[in-house]
Amino acid sequence: MKKYVIYKRVSTAEQGRSGLGLEAQERDIQLFLDGFSDVPFEIVSSFVDILSGGNNDRPELKKAIELAKKEDAELLVAKLDRLSRKVSFIASLMDDPKLSIRVAQMPYADKFQLHIYAALAEQERDFISARTKAALAEAKRRGKQLGGLRDKTMKRNKVVKADAQRRAEKLKGAILPMKKAGMSLRAIAGELNTLDIPTARNGKWTAMQVKRTLDRLGNS
């Protein structure tokens, strides 16, 4: 019989008291159990932490992990970020041979794909922060009189180049592991498309776009 130990996390005491966030997690977990789980199955126990995802010292998660390993059960979470928002912490869990993790929103994802998702999620948060700062700086610059058209073009090109390099760095944690695993450029592009990771212009990945990204990283 398939066994599960359920783990849920909310960020604040207010969410814990009101149930905000918990209901959505419970809904996704139930959808997984009803439509994607092997049957029959048993819920061994359920644990909830009311702590930030950046805090890896979570007592209920430790209990859930220990019980899952003891009972030879899968640790079931609604979303990957319920485990942590730090890819290094998630990677350490993935490396534990005695621990099996299942994510309700990604019912068919294996450990390799979950690691990529974790890396991309962390990089996306960093990129959004950098993009916001860049947008604010650009808005501030627009309020001043700039030089001629040539100066504007040069400044714009520098921004575009910097954005491309920054985006390549943010994708490094996802693309380099696939490259090191021996996957072809076409296969990497296909995997990024399968994971719904858009290009800078929200398009589909091609082998050439993957090569350009690797070139920016010095890993062609």
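Contact here means heavy atoms within 4.5 Å. The close-up views below show a predicted model.

**View 1. Surroundings of L80 in the predicted model.** Leaving aside residues up to four places away in sequence, L80 touches I90, M94, V103, M106, L114, Y117 and A118. L80 is also listed, with Y7, L75 and L83, among the residues that have the most contacts inside the largest nonpolar core.

**View 2. The largest nonpolar core, with 25 residues.** At least two residues of this core are supplied by each of β1 (2-10), α3 (59-70), β3 (74-77), α4 (87-94), β4 (100-103) and α5 (111-142). Helix α4 provides the largest share, five residues.

**View 3. A second, separate core.** This core comprises 17 residues, including L171, L195, I197 and L214.

**View 4. Strand β3, covered on both faces.** E74 and L76 are buried on one side of the strand. L75 is one of the residues with the most contacts inside the largest nonpolar core.

**View 5. Parallel pairing of β3 with β1 and with β4.** Strands β1 and β3 run parallel and are joined by three bridges. Within this pair, Y4 stands opposite E74 of β3. The pairing of β3 with β4 is also parallel and extends over four bridges. Here E74 stands opposite S100 in β4.

**View 6. The β-α-β unit formed by β3, α4 and β4.** The unit is right-handed.

Note on methods. Residues numbered from 1 in each chain as written. Predicted model: local features only at pLDDT ≥ 70, side-chain atom pairs only at ≥ 80, totals over all residues. Heavy atoms only, no water. Core = buried A, V, L, I, M, F, W, Y, C linked by side-chain atoms within 4.5 Å. Buried < 20%, exposed > 50% of the residue type's maximum accessible area, 1.4 Å probe, protein only. Pairing = 2+ DSSP bridges. Right-handed = clockwise from strand over helix to strand, strands pointing away.
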